[in-house]
Amino acid sequence: MMTEYKEPGPVLDHENPFESMMQRFDIAAEVLGLEDGVYQYLKTPVKQVTVSIPIQMDNGTVEIFEGHRVVHNDILGPSKGGIRYAPDVNIDEVKALAAWMTWKCALLNVPFGGAKGGVKCDPTKLTAVELEKITRRYTANMMEVFGDDKDIPAPDMNTNEQTMAWIMDTYSMHQRKTVSGVVTGKPLLIGGSLGRREATGRGVMIVTLGAMEKLGMKAKETSVVVQGFGNVGSISAQLLREQGCKIVGISDITGGYYNKRGIDIQKALDYVKQNKTLNGFTGGDAVSQTELLEMECDVLVPAAKEDQITHKNAGKIKAKIIAEGANGPTTAKADPILNERGIIVVPDILANAGGVTVSYFEWVQNRVGYYWSLDRVNRRLERMMKASFDNVYETAAKHKVSLRIGAYIVAIDKVARTLKIRGIYA
Ligand code: NAD
């Protein structure tokens, strides 16, 4: 095994987040000295299922939708991953997202493999009745794939608690019994977990404090900019504020707001509750999306979408720590620039893994039939996030690589070692 590895600047010129992920996978695989057979095994999904979903629309016509489910790997346990509804869903994207889930679960020591699903449709043009029909028929067509000990979906883009309730109900009807653990991210009333909604933001807060501790930064003297004010961004901001940090910048799709004296996060939350977006918020000076990322701050939390930190702005970012709440907010081309500048990036597969961790807790509670207090959920989440952070930090230091490559090394190594022990069935 190599003791020192210099991360090469990526040769590819595109900024596709999934390609970006695979570039990082390759670097980690090289550091680990993965043998070719194992490398090929880890790159190839174990199962890909495509189904057609015929639906009678509200106007009486019949439309056929296409649905996919990809199980990337199930060697660590039943596979886990969200289902997204979007017009541009395609099997390649679903395959890449499924692999991402394998690394996330392995990294967090959650006993799940990785999967992802998607239905190609435009939810903005569908009624609630049509969405329910699509969800139920997709589930019925995936009866052989899903299962509480086989493959467990969760919400993703344009799917929510209600979608999960329909999946759980349809699956249970076919099984002739209630199977709560077949999906996570359910409403509390039918077996959801306390703390699930806040879990991703809470995880971001925990790893941010972990990185601050390594740099000797005190919460009371730390300023934070958060991009995106949805589930992940607003909760990260709120919890970091509760820890004593000063939130100096926030933004959403309508624009950014900066106030070096600190933004009142409760006011911003109340404003969004009333007005749906931050548009017109007066708790800070209006700045552009681009400016916000480059403003003076100690910690930057990109929690909106992919490809926000690129080779174009990586040189201008002032933060000492970037905690990736979003999936793929930093392109592979930006990585070496941030590394050279000594900026610590807590990578997405670690920083936003609080969601899948509490999904695991939800599944455990469903299977045992005993429900935990919020305090228990939060304590266990903190313990697992801290353990993973420390593991990644030590691995990165040992191999002299970034936390991102350290995280991929931990994850890939765990799956590869498990494969070795289980062996290949033939
Ligand atoms: P969300 O829809 O609740 O919020 C997204 C926020 O980002 C909104 O405030 C939106 O206005 C804002 N936004 C969109 N484009 C923007 C732009 N260009 N500039 C600034 N703000 C912009 O979504 P979410 O659940 O908070 O997810 C955010 C990111 O976190 C996504 O990348 C998602 O994949 C990732 N993630 C979410 C979870 C989870 O549990 N929700 C878990 C893991 C990863």
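**Domain layout, helix packing and ligand surroundings**

The protein is divided into three domains, with domain 1 covering residues 1–44, domain 2 covering 46–181 and domain 3 covering 199–351. The structure is a predicted model. Between domain 1 and domain 3, the C-alpha centres are separated by 28 Å.

Two packed helices are described by the angle between their axes and the distance between the axes. For helix α2 (residues 36–43) and helix α14 (residues 403–422), the axes come within 11 Å and cross at roughly 110 degrees. Angles of 65 to 115 degrees count as roughly perpendicular, and α2 and α14 are therefore roughly perpendicular to each other. On the α2 side, the contact is made by Val38, Tyr41 and Leu42. Helix α14 contributes Ile412, Val415, Ala416 and Leu419. By residue class, the contact of α2 with α14 consists of seven nonpolar residues, with no polar and no charged ones.

The ligand has 18 residues around it, of which Thr200, Asn231, Val232, Ile253 and Gln289 come nearest. A polar backbone atom of Asn231 lies 2.9 Å from an oxygen atom of the ligand. For Val232, a polar backbone atom is likewise 2.9 Å from a ligand oxygen atom. Asn327 is involved through its side chain, in which an N or O atom is 3.1 Å from an oxygen atom of the ligand.

Conventions: Residues numbered from 1 in each chain as written. Predicted model: local features only at pLDDT ≥ 70, side-chain atom pairs only at ≥ 80, totals over all residues. Heavy atoms only, no water. Axes fitted to C-alpha atoms, helices over the stretch in contact; angles between N-to-C directions. Helix = DSSP H or I, 4+ residues; strand = E, 2+ residues; numbered from the N terminus. Parallel < 35°, antiparallel > 145°, perpendicular 65-115°, else oblique. Contact = heavy atoms within 4.5 Å. Nonpolar A, V, L, I, M, F, W, Y, C, P; charged D, E, K, R; others polar. Domains from an automatic or database assignment. Near = heavy atom within 4 Å. Polar contact = N/O pair within 3.5 Å; in protein donor to acceptor, adjacent residues only side chain to side chain.
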